[in-house]
Amino acid sequence: GFNGACETDCSAGEHMSTNEAVANAIVAGQDLWLGSPVKGKSFDYKNIPEVAQALRLASKRAIYAVVHSNSMNGIKSGVKFIAVKTWWEKTILGVQVSSAVLSIICLALTTVGLIRYHKNGGIRNED
């Protein structure tokens, strides 16, 4: 049999975004919904055993697919994730910070110039 999760290829349009459409898809075997969240009031699926059971099964298949994928290779209890910034990430951050500082300096100089201009009654001072 098939071990994994089924995902929509696209969920566009009002007719695919109703609570009933999502419930019907989950009961039909849809595990992951590729689209916008359902708009409007929440759907009380807890009172519909068929939908609740289908949600449990969909969750199980989605978790199974992630756990048995390459993204979980080497993950064991006690594994620590350490965030590492590469040289190019540091360079991009430096350029962003430098741009922000230069923008603030330019804004400050423009503000000072406009204040001086208006204090002089609209006459440009060359000194």
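This is a predicted model: local features need pLDDT of at least 70, side-chain atom pairs count only at pLDDT 80 or more; totals for chains, interfaces and linings use all residues.

Q: What makes Asn19, Val22, Ala23, Ala25 and Ile26 of helix 1 count as buried?
A: Buried means under 20% relative accessible area. Asn19, Val22, Ala23, Ala25 and Ile26 in helix 1 are classed as buried, so each of them falls under 20%.

Q: How do you know that the buried residues of helix 1 line one face of the helix?
A: Looking down the axis of helix 1, the buried residues fall within an arc of 165 degrees, so they line one face. On the other side of helix 1, Asn24 and Ala28 are exposed, the cut-off for exposed being over 50%.

Q: What do the buried residues of helix 1 pack against?
A: They pack against helix 2.

Q: Which elements give two or more residues to the lining of the largest pocket, and how much space lies in that pocket?
A: About 210 Å³ of space lies in the largest pocket. Val22, Ala23, Ile26, Tyr45 and Leu55 are the closest to its centre among the 15 residues that line it. Helix 1 (19-28) and helix 2 (49-67) each give two or more residues to the lining.

Q: What makes eleven of the lining residues nonpolar?
A: Tyr and Ala are among the residue types that count as nonpolar. By residue type, the lining of the largest pocket divides into eleven nonpolar, three polar and one charged.

Q: Which residue just after helix 3 takes a positive phi?
A: Gly121 does, at about 75 degrees.

Notes: Residues are numbered from 1 along each chain as its sequence is written. Side-chain values use heavy atoms; hydrogens and water are left out. On a 1 Å grid over the protein atoms alone, a cavity is a set of points where a 1.4 Å probe fits but cannot get out, and a pocket is an open set with protein on both sides within 12 Å along at least five of seven lines; lining residues have an atom within 4 Å of a point. Grid points are joined across faces, edges and corners, and a volume is the space filled by probe spheres set on the points. Helices (H or I, at least four residues) and strands (E, at least two) are DSSP runs, numbered from the N terminus. Buried means under 20% relative accessible area, exposed over 50%, partly exposed in between (1.4 Å probe, protein chains only). The arc is that of the directions from the helix axis to the C-beta atoms. Contact means heavy atoms within 4.5 Å.
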